[in-house]
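Please keep the sequence and the model in view while going through the numbered points.

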Amino acid sequence: MAEKIVPAGLEATYEAIGSEGLEFTNSGSMFIHAKAAASDTLTIVTPFQAEGLELADREIVMGTGDEVFVGPFSRQLYNDSTGKVKLLSANEEITVAILTL
């Protein structure tokens, strides 16, 4: 699912974050390019816990037409028990390209 950036360039493929969210396998060197078609909040779920404390999910508020690069994603903080990162879109208005070097 992740696309590798190469010296010749990359025309990235974007996927919508649907009502169930979007998950991708994370090697620790993954990042995303997110685009908002309308105002929305991108949430990156952080399942990390230490000594009974939970780390809050990372939320990025995006306006119409905004674009943002996020990552790389620490495996310790962002990977779930299956090695995946989960993205959520409050209004389903965000598309993402999942990228790696």
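1. A contact, as used in this note, means heavy atoms within 4.5 Å. The structure is a predicted model, in which local features need pLDDT of at least 70, side-chain atom pairs count only at pLDDT 80 or more, and totals for chains, interfaces and linings use all residues. Residues are numbered from 1 along each chain as its sequence is written, and side-chain values use heavy atoms, with hydrogens and water left out.

2. Asp-57 is found in the loop between β7 (53–54) and β8 (58–62); strands are DSSP runs of E, at least two residues long, numbered from the N terminus. Leaving aside residues up to four places away in sequence, Asp-57 touches Thr-43, Ile-44, Val-45 and Thr-46. With Thr-46, 11 residues apart along the chain, the separation of the C-alpha atoms is 4.9 Å.

3. A polar atom of the Asp-57 side chain lies 2.9 Å from the backbone nitrogen of Thr-46.

4. Aromatic pairs deserve a separate look. Rings of Phe, Tyr and Trp (its six-membered ring) pair if their centres lie within 6.5 Å; planes under 30 degrees apart count as stacked, over 60 as edge-to-face and the rest as tilted. By this rule there are 3 aromatic pairs. The ring centres of Phe-31 and Phe-69 are 6.4 Å apart and the planes stand at 50°, so this pair is tilted. It links distant parts of the chain, with Phe-31 in strand β4 (residues 30–36) and Phe-69 in strand β9 (residues 67–70), 38 residues apart.

5. Phe-73 and Tyr-78 form an edge-to-face pair, 5.4 Å centre to centre with 80° between the planes. Phe-73 is buried, at 2% relative accessibility, and Tyr-78 is likewise buried, with 8%.

6. Ring pairs also join Phe-24, Phe-73 and Tyr-78 into a cluster.

7. Finally, Leu-10 sits in the loop between β1 (3–4) and β2 (15–16). Leu-10 is partly exposed, because its relative accessible area is 36%.

Technical notes: Helix = DSSP H or I, 4+ residues; strand = E, 2+ residues; numbered from the N terminus. Buried < 20%, exposed > 50% of the residue type's maximum accessible area, 1.4 Å probe, protein only. Polar contact = N/O pair within 3.5 Å; in protein donor to acceptor, adjacent residues only side chain to side chain.
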